[in-house]
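Biologist: Please take a close look at one part of this model for me: the charged side chains that pair up. Then tell me what lies around them and elsewhere along the chain.

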Amino acid sequence: MTEAKAPGSYLVIERDDETRQVETYIAFMRLAIMQATLAEPSSNTFNTGVLIVNGTQLIGEGHTREPHAPHTHAAECAIQKARHGKQAHLLTSSTLYTTMEPCSSPRMSKVPCTTHIINAGIAKVVIGVKEPESFVNCQGVKTLVAAGIDVVHLKILQEECLTTNIHLLT
């Protein structure tokens with residue numbers, strides 16, 4: 001019999017309290033934002049950047065519409081790179097930084113990003129912005145927390161995370 005996993009937590013950070021933890025979140029999210037800027041703008045999908053770290057060690061990165069995987073979402077790209085990289089053993093219990101809430105619906109991707117994250121054993125997800133309801137009612141945070149993953153919404157960087165998607169929000 002498999003034990004049910006305890007739900008994860010959900011924390012919203014609305015201001016920089018200058019603690020080491022918040023400063024680390026900000027630094028890695030800004031690197032994820034840089035990944036998002038690498039994605040070519042699209043009229044029907046958000047530009048998303050993802051970084052996966054274990055401690056302070058980068059083990060994977062990705063963005064939407066990567067040249068080698070134009071239909072693969074950013075989280076899936078980063079997880080695939082981490083699984084096949086030299087630091088693959090660090091994927092379990094790592095932290096995933098994403099500029100946009102991970103998708104939760106098979107309507108958006110055959111296998112939703114939340115499923116990839118859960119299956120990879122990622123312990124924490126730091127998001128820059130909850131997905132706007134432009135395309136789908138995303139349940140990414142809810143799905144991850146129910147699976148026992150801690151989620152941090154770094155709301156203080158929300159505007160920066162949305163800059164690569166301004167063409168979809170005006």
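Modeller: Start with Glu66 and Lys81, whose side chains meet in a salt bridge, 2.9 Å from N to O. A salt bridge here is a side-chain nitrogen of Lys or Arg within 4 Å of a carboxyl oxygen of Asp or Glu. Glu66 lies in the loop between β3 (57-63) and α2 (74-84), and Lys81 lies in helix α2, so the pair ties together parts that are 15 residues apart in sequence. Helices (H or I, at least four residues) and strands (E, at least two) are DSSP runs, numbered from the N terminus.

The two partners sit in unlike surroundings. Glu66 is buried, at a relative accessible area of 3%. Lys81 is partly exposed, at 32%. Buried means under 20% relative accessible area, exposed means over 50%, and partly exposed is in between (1.4 Å probe, protein chains only). The areas come from the Shrake-Rupley method.

A word on the basis. This is a predicted model, in which local features need pLDDT of at least 70 and side-chain atom pairs count only at pLDDT 80 or more, while totals for chains, interfaces and linings use all residues. Residues are numbered from 1 along each chain as its sequence is written, and side-chain values use heavy atoms, with hydrogens and water left out.

Back to the pairs. Side chains of opposite charge can pair when their charged atoms come close. By the rule above, the count is three salt bridges. One of them joins Glu101 to Lys130, with 3.9 Å between N and O. This pair links distant parts of the chain, 29 residues apart. Glu101 is in the loop between β4 (95-98) and α3 (113-120), and Lys130 is in the loop between β5 (124-127) and α4 (140-146). Lys130 is partly exposed, at 35%.

Val151 belongs to strand β6 (residues 150-153). Val151 is buried, at 1% relative accessibility.

Another salt bridge runs between Arg30 and Glu160, with the closest N and O atoms 2.9 Å apart. This pair spans 130 residues, from Arg30 in helix α1 to Glu160 in helix α5 (residues 158-162). Arg30 is partly exposed, at 40%. Glu160 is also partly exposed, at 31%.

Pro41 lies in the loop between α1 and β2 (49-54). Pro41 is exposed, with a relative accessible area of 57%.

Asp16, Asp17, Glu18 and Glu23 form a patch of negative charge on the surface. Patch members have over 30% relative accessible area and no salt bridge, and like charges are joined within 9 Å. Asp and Glu count as negative. The place of each charge is taken as CG of Asp or CD of Glu. Glu18 lies in the loop between β1 (10-12) and α1 (20-36). Glu18 is exposed, at 65%.

Now the cysteines. A disulfide is a covalent bond between the sulfur atoms of two cysteines. The cut-off used is a sulfur pair within 2.5 Å. The structure holds zero disulfides. Cys103 is in none, and its nearest cysteine sulfur, in Cys113, is 3.6 Å away. That gap is too far for a bond. Cys103 is buried, at 6%. Cys113 is buried as well, at 5%.

Two loop residues stand out by backbone angle. Most residues other than glycine have a negative phi. Arg65 has a positive phi of about 55°, though it is not a glycine. Arg65 lies in the loop between β3 and α2. Ser93, also not a glycine, has a positive phi near 75°. Ser93 lies in the loop between α2 and β4.

Last, the whole chain. The protein chain has six helices and six strands. From the N terminus on, they run β-α-β-β-α-β-α-β-α-β-α-α. Of its 170 residues, 48% are buried.

Notes. Patch = residues over 30% accessible without salt bridge, like charges linked within 9 Å, V, L, I, M, F, W, Y side chains within 5 Å. Areas by Shrake-Rupley, 256 points an atom, 1.4 Å probe, with all protein chains shown as cover.
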